[in-house]
Amino acid sequence: MKKDLLSIRDLSVEDISSLLKTAQEIKADIPAYYDVFRGRTVVLIFDKPSLRTRVTFEVAMRQFGGGAIYIPGGDISLGKRETVADGARNLSRWVDGIVMRTFGHEIIEELAANSTVPVINALTDLEHPCQALACILTIKEHLGDLAGKKLVFVGDGNNVAHSLMLLSPLVGMDFTMCCPRGYEPDEEIQEYTRNSSIKMKTTYSLECDPFAAVKGADLIYTDVWASMGQEGEADVRAEIFRNYQVNSELMRKAGEKALVSHCLPAHREAEITSEVLDSVRSIAYDEAENRLHVQKAVLFRLLKR
């Protein structure tokens, strides 16, 4: 693997296979890894609120025998109080890794470019690679071989959609993005995914009709319609996306085999109904659990050098 994990594009097919295998091994025997990071420390710099990401990274380091320091982004104001580059140079002298959750993707790229220790993307406006890896691990646990499976993302073309669409062809999965016109994923990421899908002999498609999109789906994925930083658009988006709710009717159209997931937190009865989220077909909480194991694998691969 490269020094940092900023994007799914930082990972090769072999890297992904190795990460998933490592995550499975760690999950199967947690005590075997209790002391691998004794004396090691990572810092968590979060400009956005977090439950799953923060807790799982902190638990991961504790279970590895190391430590994690949580710093709300406003406490240090990288890019304002001092440059991002200077912050990276200082942190590199003290800690073994930097985990950052921020807005602009360029911020974490600048941080990594000036850091001598690994930098991990814990979410930016462009990507959420750890979430996508946890999703793929969870699908693998439930469905086995991923080749030829179909993942359909219903909702906004956001950071989670970006990471899932970049990751899908690398594990042999077909990907369909379903969203209203004007809310498509980043065009450059779409083009990258189209080319990757051709290379990996998978498919990428963009649909506006959710009932057409979910036919034959193995997994339907959704997320909030207004991401962090878009709260002012919430009412407008709620109206535009109202026909994109993942509900029992949509699940019936997908077929009996389709599973469903959500990166959480969920706005129940908005992008997904409680009936679906709490059903036996939902793997959302399995995925939330696997955030811990995937992030352990990422830490293990990047810091165990």
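My entries below go through the ground rules, then the sheets, then the helix pairs.

**Ground rules.** I am working from a predicted model, where local features need pLDDT of at least 70, side-chain atom pairs count only at pLDDT 80 or more, and totals for chains, interfaces and linings use all residues. I count residues from 1 along each chain as its sequence is written, and side-chain values use heavy atoms, with hydrogens and water left out. Helices (H or I, at least four residues) and strands (E, at least two) are DSSP runs, numbered from the N terminus.

**Four-stranded sheet.** I looked up the strand order first. I found an open sheet of four strands, ordered E2-E1-E3-E4, with parallel pairing; two strands pair if DSSP finds at least two bridges between them. E2 and E4 (119-121) are the edge strands, each pairing on one side only. Ignoring direction, neighbouring strands here are turned by 20 degrees against each other on average. For angles, I note that axes are lines fitted to C-alpha atoms, for helices over the stretch in contact, and angles run from 0 to 180 degrees between N-to-C directions.

I then zoomed in on one pair. E1 (residues 41-46) and E2 (residues 67-72) run parallel and share six bridges. Isoleucine 45 sits opposite isoleucine 71 of E2, and valine 43 has isoleucine 69 of E2 as its bridge partner.

What do E1, H2 and E2 make together? With H2 covering residues 52-63, they make a right-handed β-α-β unit. Right-handed here means that, with the strands pointing away from the viewer, the path from the first strand over the helix to the second runs clockwise. I also see H2 lying across E1, E2, E3 (97-101) and E4, at about 175 degrees to E1.

**Five-stranded sheet.** This one is open too, with parallel pairing and the order E7-E6-E5-E8-E9. E7 (204-207) and E9 (259-262) are at the edges with a single partner strand each, so one side of each has no neighbour in the sheet. The twist averages 20 degrees from one strand to the next. Inside it, I checked E5 (residues 150-154) and E6 (residues 174-178), which are parallel and joined by five bridges. Leucine 151 is opposite phenylalanine 175 of E6.

**H1 on H6.** H1 (residues 13-28) packs on H6 (residues 129-143) at about 70 degrees, axes 11 Å apart. That makes the two roughly perpendicular (65 to 115 degrees; under 35 is roughly parallel, over 145 roughly antiparallel, the rest oblique). Contact (heavy atoms within 4.5 Å) involves residues including Leu19, Leu20 and Ala23 of H1 and Leu133, Ile136 and Leu137 of H6.

**H6 on H13.** Which way does H6 cross H13 (residues 284-303), left-handed or right-handed? The crossing is right-handed. The angle is about 115 degrees and the axes are 8 Å apart, so H6 and H13 are roughly perpendicular. Among the contacting residues I noted Cys130, Leu133 and Leu137 in H6 and Asp286, Val294 and Val298 in H13.

How values were computed:
Left-handed = near helix turned anticlockwise from the far one by under 90°.
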